[in-house]
Amino acid sequence: MKKRGVHSSLQPFFLSLSITALYVLLVILVMNIVGWPLTVFTTILGAFGVAAGLALSGTFQNFAGGVLILLLKPFELDDSIVAQGQEGKVTSIQIFYTVLLTVDNKTIIIPNGKLFNEVIVNVSRENRRRLDFEFKLAYAADVEKAKAIVLDIIKSTPTILADFPIRTGVVGMDVDSIRFTVNVWVLPDDFLTTKISLMENIIKQLNEAGVNFPKAG
């Protein structure tokens, strides 16, 4: 399989499938040598198959989902995905389940049947991610001054991709404040770090420049 370039995530599946098929073939050959009629074996196997199918219908759904994930590749190992309300990096793709590792080091195990039949957001596939957030300013704030400060902070942040569009400015108005938006592009692995750094620097430098935030209450 390695020589033929079979994907590493598919190799364990094909290996276990081949071993199971060889065991079944071995049992049939032994029965043939001993002289037992194969009709007995097929009857027992059929009854067992019906019982197992009823008992393990959910497991078969997970099996089918795992095969489709491995073949169609909506995500691969080390991709960051959002699915079933969970977000994390894919650390393992098994036949029956997929394992995610969250940013706070929690292991999430998702059955493949549910995973394949729901929406999957692959954060890593495009190799970049847009970082969006908003903050509020008072109506008395100098908007142009605030925009200039935010742009300076963005330009001085090394993890922001300078070759992609940068947008910042007023995006809405509430009763007691105006809403200011920031849109920049980053690498998927830099998303959270960049967001924290940007927000902290914006709050700090706007306060130092005397730009007014809305008063609480």
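Phenylalanine 180 lies in strand β8, which spans residues 178–186. Strands (E, at least two residues) and helices (H or I, at least four) are DSSP runs numbered from the N terminus. The model is predicted: local features need pLDDT of at least 70, side-chain atom pairs count only at pLDDT 80 or more, and totals for chains, interfaces and linings use all residues. Residues are numbered from 1 along each chain as its sequence is written, and side-chain values use heavy atoms, with hydrogens and water left out.

The pLDDT, the predictor's confidence in each residue from 0 to 100, averages 84 over the chain. A score of at least 70 is reached by 84% of the residues. Confidence is highest in β8, at a mean of 94, and lowest in helix α2 (residues 38–55), at 61. Where pLDDT is low, the predicted coordinates should not be read in detail.

Phenylalanine 180 has a relative accessible area of 0% and is therefore buried. Buried means under 20%, exposed over 50%, and partly exposed in between (1.4 Å probe, protein chains only). Contacts of phenylalanine 180, leaving aside residues up to four places away in sequence, include Phe133, Phe135, Leu137, Val143, Val150 and Val170. A contact means heavy atoms within 4.5 Å. The C-alpha atoms of phenylalanine 180 and phenylalanine 133 are 8.6 Å apart, across 47 residues of chain.

Rings of Phe, Tyr and Trp (its six-membered ring) pair if their centres lie within 6.5 Å; planes under 30 degrees apart count as stacked, over 60 as edge-to-face and the rest as tilted. Phenylalanine 135 and phenylalanine 180 form a tilted pair, 5.1 Å centre to centre with 35° between the planes. Phenylalanine 135 belongs to strand β6 (residues 129–137) and phenylalanine 180 to β8, so this pair ties together parts 45 residues apart in sequence. Both phenylalanine 135 and phenylalanine 180 are buried.

Phenylalanine 164 and tryptophan 185 also pair. Their ring centres are 6.2 Å apart and their planes meet at 45°, so the pair is tilted. Phenylalanine 164 sits in the loop between α5 (143–155) and β7 (167–173), and tryptophan 185 in strand β8, so the pair ties together parts 21 residues apart in sequence. Phenylalanine 164 is partly exposed, at 28% relative accessibility. Tryptophan 185 is also partly exposed, at 22%.
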